[in-house]
Each structure stands twice: as C-alpha cells, then as structure tokens.
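I set out to record the strand pairing, the packing around it and the ligand surroundings. The entries follow the order in which I looked things up.

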Amino acid sequence: MGKAIVIASGKGGTGKTMLAANLGVTMARQGHKVVLIDLDTGLRNLDLYLGVENNIVYDVNDVLTGVCRIRQALVKVKAFPGLMFMAASPQKPTGEITPLHIKVLCGKLKKKYDYIIVDAPAGIDDGLAIAAGGSDMGIIVVTPEYSSLRNAEMVQKTLRDLGVSDIAYVVNKIDLKLIEEGKAPSFEEITKNIREKLVGIIQMDENIHISTNLGVPIVSMGNTYIARSFMSMADRIRKALEQN
Ligand SMILES: Nc1ncnc2c1ncn2[C@@H]1O[C@H](COP(=O)(O)OP(=O)(O)OP(=O)(O)O)[C@@H](O)[C@H]1O
Ligand SMILES: [Mg+2]
C-alpha cells in the first residue's frame with residue numbers, strides 16, 4: 001500500500017511546487033512508482049516545472065466529476081520512468097471537490113503506486129483541507145523569514161486538525177551570506193520552534209530558479225549537490241513514513 005504526502009506552507013512562494021517536482025523525480029529515480037498531483041486549483045504550476053504542460057488533456061476535477069477515468073488523467077512524465085502526473089484544474093475552485101473526494105482518489109492510487117505527492121495551495125483555507133484529504137504525511141516548507149516561520153506553526157496546527165499527524169519540515173531558500181551578515185534569521189532561530197522532523201535544507205540557488213523556468217527539474221541536471229541532498233531527503237521521508 002502506498003503513502004500520500006501533502007506539501008504545504010503558510011506563505012506563498014516558499015518552494016512547495018519546486019519541492020514536489022524534485023522529490024517526485026528523485027523518488028522515481030530511486031525505483032519507486034510515484035504520482036504527483038497538483039491541487040493548487042486555478043493557480044497550477046507543477047505541469048510547467050515538469051515540462052509537461054503540452055501533454056495535459058484531463059485534470060483532477062475531470063476525474064472527480066466523472067468526466068474521465070483516473071488513468072486518462074495520469075500523464076507519463078516521459079523523462080522519468082515511474083513518474084506520473086495529474087494536473088490541477090485551471091479554473092477557480094468551484095466547491096464541488098471535497099477532502100473526501102481526494103481521500104478516495106488517493107486511496108485508489110495507493111493500491112498501484114508507492115508515493116502520491118500532492119502540491120497544495122499556500123495557506124490554511126479549504127484548498128489545504130482538500131489537498132490534505134488523503135495524506136499520511138504533511139511536509140511544511142518554510143523559508144528563513146520570521147513571517148514564514150510564524151505561519152508554519154498555524155499550518156502545522158491546521159494539518160493536525162485535518163488528521164495529518166505525521167509532520168515534517170523542509171527549510172528552503174537558505175542564504176548563507178544573509179545569515180552571516182545578520183540579515184536573515186540564523187539557522188538556530190529557524191529551527192528553534194520546529195519540534196517535528198527536519199527532513200531537508202535547501203540553499204537559495206539561482207540554478208533552482210532557472211530550472212523551474214526551463215521546466216527541467218534541477219535534480220535531473222547531473223550529480224549536483226542539490227540532487228544528492230534530495231536523495232537524502234527522500235530517504236529520510238521514506239524512513240519517517242515507515243515508522244508510522
Ligand atoms: N532554493 C531556491 N533557490 C532559488 N529559487 C528558488 C528556490 N526554491 C524555489 N525557488 C523559486 O521560487 C519561486 C517560487 O517557487 P515555487 O513556485 O516552488 O513556490 P510555491 O511555494 O509553490 O509558490 P505558490 O505558493 O505560489 O504555489 C520559483 O520561481 C522558484 O524557482
Ligand atoms: Mg506552488
């Protein structure tokens with residue numbers, strides 16, 4: 001039986017979609033069967049980061065409203081065997097999709113795939129509740145800003161209230177120069193309030209920014225320090241899921 005992971009954050013732009021794309025690619029390259037689902041309804045980006053925007057016919061809403069079957073909405077990400085993608089609806093949320101719909105969808109996918117990674121919208125509104133509907137674990141992405149850290153506590157509480165009790169953190173966009181100059185919270189300050197598992201730390205790196213623009217996940221661009229750190233992150237996430 002597979003496991004589902006929702007990627008969340010309080011603030012927008014912390015790197016959720018970048019993380020979902022690269023974690024999905026990393027896990028698939030490690031030999032697992034993975035589905036990436038974009039649930040940032042109306043503001044979808046994951047298709048662009050994976051470079052599959054021209055291959056989408058159906059989306060999650062089509063599946064959940066009976067327009068198509070699950071397999072018709074699963075797009076093979078050809079560059080990465082084992083990786084499938086399901087797009088979010090490009091329309092604004094209309095309220096017809098509920099957390100239960102996603103729970104049922106994830107339940108079906110878990111029978112066939114090892115990991116379902118769900119890219120959630122930013123914030124703690126209905127969009128998060130829907131995205132977290134079928135998840136076994138929540139990964140909260142924070143950036144080294146006091147506002148992001150404060151909002152993360154609320155996301156954690158919201159996920160717990162939604163029944164996602166297994167929580168892990170990723171700190172993204174770490175800028176060592178700013179930390180050294182005292183212009184960003186120190187590493188100790190960032191991690192001080194994080195009592196849950198810290199499964200990954202990602203530096204601010206313009207190559208990551210370029211890769212999302214190009215639609216080529218950074219972990220596929222050779223044996224870089226980023227690719228290696230995503231492999232360790234995937235191992236930690238897998239271990240954490242196995243313990244539950
Ligand atoms: N470690 C990093 N270094 C440099 N740029 C990054 C890094 N992580 C993400 N970015 C850039 O930050 C921007 C926001 O990233 P991303 O779209 O993944 O965030 P998000 O949390 O999904 O945003 P939203 O809340 O709008 O869905 C993108 O342009 C991405 O390339
Ligand atoms: Mg996003």
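**Entry 1: pairing in the sheet**

I began with β2 and β5, and found that they pair in the parallel sense over five bridges. The model I am reading is a predicted one. I then turned to β1, which is joined to β5 by five bridges and runs parallel to it. There, Ile5 has Ile117 of β5 as its bridge partner.

Next I traced the whole sheet. It is open and has eight strands, in the order β3-β4-β2-β5-β1-β6-β7-β8, with mixed pairing. I recorded β3 (75–76) and β8 (197–203) as the edge strands, each pairing on one side only.

Is β5 mostly covered or mostly open? I found it mostly covered, with five of its five residues buried. Tyr115, Ile117 and Asp119 point one way from the strand, while Ile116 and Val118 point the other way. I note that in a regular strand the side chains alternate between the two faces of the sheet.

I then listed the contacts of Ile116, leaving out residues up to four places away in sequence: Gly2, Ala4, Val35, Ile37, Cys106, Leu109 and Lys110.

The largest nonpolar core has 78 residues, of which Ile5, Ile7, Val35, Ile116, Ile117 and Val118 touch the most other members. By element, α1 gives the most to this core, with eight residues.

**Entry 2: surroundings of ligand 1**

Which residues are closest to ligand 1? I counted 19 residues around ligand 1, the closest being Gly12, Gly15, Thr17, Met18 and Thr212. The elements giving two or more residues to this shell are α1 (16–29), β7 (166–174) and α10 (206–214). By class, I recorded five nonpolar, 10 polar and four charged residues in the shell.

Technical notes: Residues numbered from 1 in each chain as written. Chains lettered and ligands numbered in written order. Predicted model: local features only at pLDDT ≥ 70, side-chain atom pairs only at ≥ 80, totals over all residues. Near = placed C-beta within 6 Å. Helix = DSSP H or I, 4+ residues; strand = E, 2+ residues; numbered from the N terminus. Nonpolar A, V, L, I, M, F, W, Y, C, P; charged D, E, K, R; others polar. Pairing = 2+ DSSP bridges. Buried ≥ 20, exposed ≤ 12 C-beta atoms within 10 Å, placed from the backbone. Core = buried A, V, L, I, M, F, W, Y, C linked by C-beta atoms within 7 Å. Contact = placed C-beta atoms within 7 Å.
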